[in-house]
Amino acid sequence: DRAAIEKLKQQDVVATVARDAVAMADLWTDDAVRFGPDTPADVGKQAIRETNERSTARPIKVLTFVPETKDLTIWDGGAVEWRYFTASVASPGGEPKQVRGTLLAVLKKLPDGSWKVFRAMGITE
């Protein structure tokens with residue numbers, strides 16, 4: 001299970017750096033919910049994808065994205081993880097800026113043995 005969850009996190013890194021709204025949404029279950037500060041919850045994979053598409057439409061380049069898991073607890077069919085993440089981002093013509101955040105995620109194991117995000121809440125500093 002840990003290897004499959006690590007694969008999910010690596011897919012997240014690749015999709016985030018590529019700013020691929022579809023690939024980022026594919027990391028979530030169909031009935032997922034994503035919470036963020038000062039915004040309504042994204043309920044369902046389609047809503048998550050639409051928010052991703054609006055976000056990735058802005059001309060920002062993600063140079064690096066590094067998750068740092070602090071705790072991962074796995075039980076039969078589910079897991080909960082909290083982590084920090086750091087990223088280096090740049091606007092066109094701008095200098096790279098460092099971003100740091102925190103994420104709490106509930107993961108769900110699918111029948112094929114893969115894992116997806118079921119619920120998550122994150123904040124950036």
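Select E81 to begin. E81 is buried, at 2% relative accessible area; buried means under 20%, exposed over 50%, and partly exposed in between, with a 1.4 Å probe and protein chains only. This is a predicted model: local features need pLDDT of at least 70, side-chain atom pairs count only at pLDDT 80 or more, and totals for chains, interfaces and linings use all residues. Residues are numbered from 1 along each chain as its sequence is written, and side-chain values use heavy atoms, leaving out hydrogens and water.

A salt bridge here is a side-chain nitrogen of Lys or Arg within 4 Å of a carboxyl oxygen of Asp or Glu. K9 lies in helix 1 and E81 in strand 4 (residues 78-90), so the pair ties together parts 72 residues apart in sequence. Helices (H or I, at least four residues) and strands (E, at least two) are DSSP runs, numbered from the N terminus. K9 is buried too, at 9% relative accessibility.

E81 forms a salt bridge with R83, with the closest N and O atoms 3.3 Å apart. Both E81 and R83 are buried.

Jump to R100 and E125. Their salt bridge has its closest N and O atoms 3.9 Å apart. R100 sits in strand 5 and E125 in the segment after strand 6, 25 residues apart. R100 is partly exposed at 29%, whereas E125 is exposed at 67%.

Next, the nonpolar cores. A nonpolar core is a set of buried Ala, Val, Leu, Ile, Met, Phe, Trp, Tyr and Cys residues joined through side-chain atoms within 4.5 Å. Which residues have the most contacts inside the largest core? Select W28 and L107, in a core of 14 residues. Helix 1 (2-18), strand 1 (28-35), strand 5 (97-109) and strand 6 (115-124) each supply at least two of its residues. A second, separate core of seven residues includes V62, F65, A87 and V99.

Select W75, in strand 3 (residues 61-75). W75 is partly exposed, at 44%. Its C-alpha atom is 9.8 Å from that of K109.

Finish at N52, in helix 3 (residues 45-56). Is N52 buried or exposed? N52 is buried, at 6% relative accessibility. Beyond neighbours within four places in sequence, N52 is in contact (heavy atoms within 4.5 Å) with A21, M24, A25 and R34.
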